[in-house]
Structures are given as structure tokens and as C-alpha cells.
Amino acid sequence: MGKVVLARVTTLVVFMSLMGNPGTAMGAEPVIRVGSIVSETRTLTTTDGVTVNYELGTFYVPENRNRADSRPIGVGFARIRAPQPTGAPPVFWLPGGPGFSVLGAFEQSDAAGRGRLKSWINFGTVGDLVVVEQRGYTSRGEMLEVDADASPLNKPATLEQSKASALATARKALATFPDKDLAGYDIGAFADDVDDLREALGYRNITLFGGSFGSQWSFAVMRRHPGSVARAVLSGVEPLDNNYDMPSHVYASMRRIAFDADRDPGLKPYLPEGGTMAALRTVHDRLAAAPVVVSVIDKSSGKPVSVTLGVGDFEKALVERSADASEWPAFVLSLYHRQYDDWARDTIEGRKAGKRAIIGPLVDTSLGVTPARAHQLLTDPAVGVLGSWNFAPYIAAADVWPTADMGDTFRGVVPTDIPVVFVHGDWDTSTPIENMLEVLPYYSHGHAIVVHRGGHDGTFYQLREDAKAKASVYAFMRTGSMEGLPSSVTLPLPTFAKPTFAANNL
């Protein structure tokens, strides 16, 4: 809809939605209590001349829902009303993470948020849109972060070091926030925040829209408040018992990427016999036998720096780099040919000290997995290639984090008749497509759209090549009808990046 231009705040609304409000004196600061909303009404105008009114607000919820005397904390939200009433339930858009703040999209300085805001405006064809941020990581409340220590450069990454770091982060969080009741930051509270905001804004039921952790958050809302959910659209599906990815499922996604990469003419000169996956296993075996020390010029200081890289660094990098399928094969092939410099520079940056949001481990360690899935994770055959980085550090620190275990009854999949459209890419290595396939049979009114060559992306980016499919998803959110929804969409082959060194030097 074109570039968005923001106008100034026009009004400030303060009201009590869940509790009685005795009112405030003229000019006095509002009394913040659980259930109060502070909302600013604003206007934006696109370059196409479309004027959109929206609200940017803070909803106050109890920090610990299990304590009657819990202090109120703010959860940011925005509401964009539909230009014309549609009669459809509002869409509640839940971001990923945990630890992802999105309301900066309304600020002029947030260039990355411009596309997100344009997408939000498009939801007007469905009905009202409400974007909800996360307790403990919201621009209109508190951003709970701790300083993460730097990792040594002269030692390779090890699982024991990662477990120790996870424990240190938990203990530092408790010491940093003695005035916060961190026991209240579990996914059940996240779900209850959504339902209370629904009620506060006057909606009978809602449509959930979320990807990655936003999908897991949506599953939690459907589990705790099924009567409030009319339908849902979920991508990058992360069910409640799939909190930690199965290594073999991640590995299967990598193999699907490699299938096309091995047929790319630009990569052919770099391929060993057996292709990209054979190169991966060769690098893994080489680094398992002995780490390598690489000297490069540090990106920040401009000075020579040496870093020790081992098999653990490679296992972590395999998953991190595979988020960009077009770049991942070149990464693997470069290391196969002993070209380590680019990887070394990135690893040096990654080992530096920084900030870490604590709601991620608070939520994840509380959610955990069922004993059956824990057994599958620990005995999964691909642990020998990808390691247990995805879950072992969290399990090691779970007893230190104060959020209580959510329990197997909550985590387990149960049949439901809530209509849900699942959109999932088969190149997704962050939340593998097997996640969606495992839960689909439990949804009697479920529909899956498999996106071949799709990665870990939102619904409408996954469907970017198919306008008809996108229109059918909007129609589902508006009417509940699944007519016209495809079962599969195929994206075109990406342009695979080539290694930065010439093939004729091999």
C-alpha cells in the first residue's frame, strides 16, 4: 500500500476493563491497576492517500497470575480497525520469539517494520487486527534482559560449556531482577493475557494468526481458552510438545535443500562425490577428530584475531546457517574445501558479550517436553550429526528458572474442532514440517498447505508466489470457509550462492 507516514498522537484514552475504576483527577497520572488500558489513538497515511486510524496501547496484567497480590505489568498492543465492518472475528496477531518486539513498526525510525505494517493494514479486508506483544519483552512495558558473557576464543564450543552458560544465565537473571516475580512468565500466562485483552476490547471470539513461537502461543490459547477462538492460521508450526526440535527432522529439511543444491550448475564444480550432505559429513568427521585454529582480521577492531573452531561450533552453525537455504550449501562446501575465514569472523562476533532476553528460557524450560518426546530427542540418530544443542542446555538449567512445569496434560496433543489452516515449508530447519504433520490428524477441521522450498517464514511470505492462495487464506479468516485453499504450493528454485573462492583453484 506504499510508504507509511505517521501523524502525531491525537488522543489518550485510559479506562478500566476488568476492574472498577474510581477515576482520576483532571491532569493527574492515571492509576495503573490490573485490567487497565492506556491507549493512544493515532493516524497514519500511506503514499496512496489511504488514511488508517489505529490504537497503540498498554494492557496491564498480573505479573504472576497465581498470586492475588501480584503487581501489574504492561503488555503492549496495537489495534487497527477494519475500514468497514465485516462481521468477522478480529485477528489477533501473535509474534514469534519468545523475545520479539514488533510495535516499533509504527515508528518512523523502524525501516524493517515498514513491510510488516503494510501487511497489517491488509488485514482490514478480514476485520479488526490486534497485534499483541509479549509480557517481559514489550516496548510498552518491560524488556527483561541480562548481559551474556563472552565465550573464549581459544577453545571450541562444547556442550558442557553451553550447559554451564545456560545455568549462569538463569542465576544472573534471578540476581538481576530480585524485584520481579519471574515465576509468572510461562506460556500459560501468555495465553491468559491474550484472552483477557480480547475481553477487555469487547470481542466475543477471535482469529489467531501466528508463526513460529507465535504458533505455539496460539496453541496455548486454544488449549486454555478454546471457546474464545473462532479459527486460526499458523505457520512455522511449533506444537506445545515440540518445544525442542527433533534433530532427524531438522536433518531431513537439510537433505531436501541439498537435493536442489546438488543440481545447481554453479555449485557443481565444488561438489564432492555424494554431494552437499557428503561434504557435511566429511567436515563433521574432520572437526570431531581435531579442532582448527583460524586467524582472521576482526570485523570490529580491524586487528588480527585467532579463534578455535570445533565440531560443536559446526553443529550449531549448520542449523543457524540453514535458515537461509540459498546460502547454506555454499557454507558447507566452503568448509569442505578448508576455507574457514568467513565462518571464523562470524564465530568471533557470535562469541562476544551481549544482551539476552530471559523470557525465552523462562517459557521454554517451563513448557519442556513430555517424557516420550524427551526419550525420542535423546536417542534420535541425527544427534550424532547435529548434536543436542537445541535442548540439552535448556534441560540442564530448567530447575534454576523459577517458572513451574506446565505438565504433560497441557503439552500433549488433544483432538479439537477449531478450524485451523497450517502453512509450512519443507525447507524449514527452525520448526521442521514434521511438527505440523504430527498434530494435523488431531484437527478435525484442519487444512495443511505444504510449501515446497519454503523456509521458516510467515504465512503470506510463504505464499508470495500464489495470489490465489493468499486470497483464500484471507477469505478463511473472514468467513471460516476452506474453499479454494490449496494443499501445496511450490516456490521457484532460489539462486544458490557460490563459495567466494574460484572453483579452478581446487
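**Note on the predicted model: strands, helices and buried sites**

1. Within strand S5, Ile-80 is the bridge partner of Tyr-54. Strand S4 (residues 51-62) and strand S5 (residues 72-80) run antiparallel and are joined by nine bridges; two strands are taken to pair if DSSP finds at least two bridges between them. Helices (H or I, at least four residues) and strands (E, at least two) are DSSP runs, numbered from the N terminus. Strand S4 is mostly covered, with ten of its twelve residues buried. A residue is called buried under 20% relative accessible area, exposed over 50%, and partly exposed in between, using a 1.4 Å probe and protein chains only.

2. The model is predicted, so local features need pLDDT of at least 70 and side-chain atom pairs count only at pLDDT 80 or more, whereas totals for chains, interfaces and linings use all residues. Residues are numbered from 1 along each chain as its sequence is written, and side-chain values use heavy atoms, with hydrogens and water left out.

3. The overall form comes next. The protein contains 17 helices and 16 strands. Its radius of gyration is 24 Å, close to the 23 Å that the globule rule gives for 506 residues, so the protein is as compact as a globular protein of that length. This radius is taken over C-alpha atoms, and the rule is 2.2 Å times the number of residues to the power 0.38. The C-alpha trace spans about 75 × 55 × 45 Å along its principal axes.

4. Of its 506 residues, 54% count as buried. Among contacts with a separation of 6 or more, 77% are between residues 24 or more positions apart; a contact means heavy atoms within 4.5 Å.

5. The surface and the charges follow.

6. Strand S10 (residues 229-235) has seven of its seven residues buried, so the strand is largely enclosed by the rest of the structure. Strand S9 (residues 206-211) runs parallel to S10, and six bridges join them. Ser-235 in S10 is the bridge partner of Gly-211. Ser-235 is also one of the residues in contact with Thr-459, as are Phe-209, Val-233, Leu-234, Val-423 and Val-473, when neighbours within four places in sequence are left aside. Thr-459 itself lies in helix H16 (residues 459-462) and is buried, at a relative accessible area of 1%.

7. Val-237 sits in the loop between S10 and helix H5 (247-261). Its relative accessibility is 0%, and Val-237 therefore counts as buried. Beyond its neighbours within four places in sequence, Val-237 contacts Ser-215, Phe-219, Phe-422, His-424, Thr-431, Asn-435 and Met-436. Leu-182 is 55 residues from Val-237 in sequence, and the two are 27 Å apart in space, C-alpha to C-alpha.

8. Helix H10 (residues 359-367) has nine of its nine residues buried, so the helix is largely enclosed by the rest of the structure. The cover over these residues includes helix H3 (187-200), H4, strand S13 (354-357), helix H13 (392-397) and helix H14 (408-411). Just after H10, Gly-368 has a positive phi of about 55°.

9. Ser-212 has a positive phi of about 60° and is placed in the loop between S9 and helix H4 (213-224); Ser-212 is buried, with a relative accessible area of 17%. Arg-453 has a positive phi of about 75° and belongs to the loop between strand S15 (446-452) and H16; Arg-453 is buried, with a relative accessible area of 17%.

10. Where is the cis peptide bond with omega of about 0°? This bond joins Gly-97 and Pro-98. Pro-98 is placed in the loop between strand S6 (91-94) and helix H1 (113-122).
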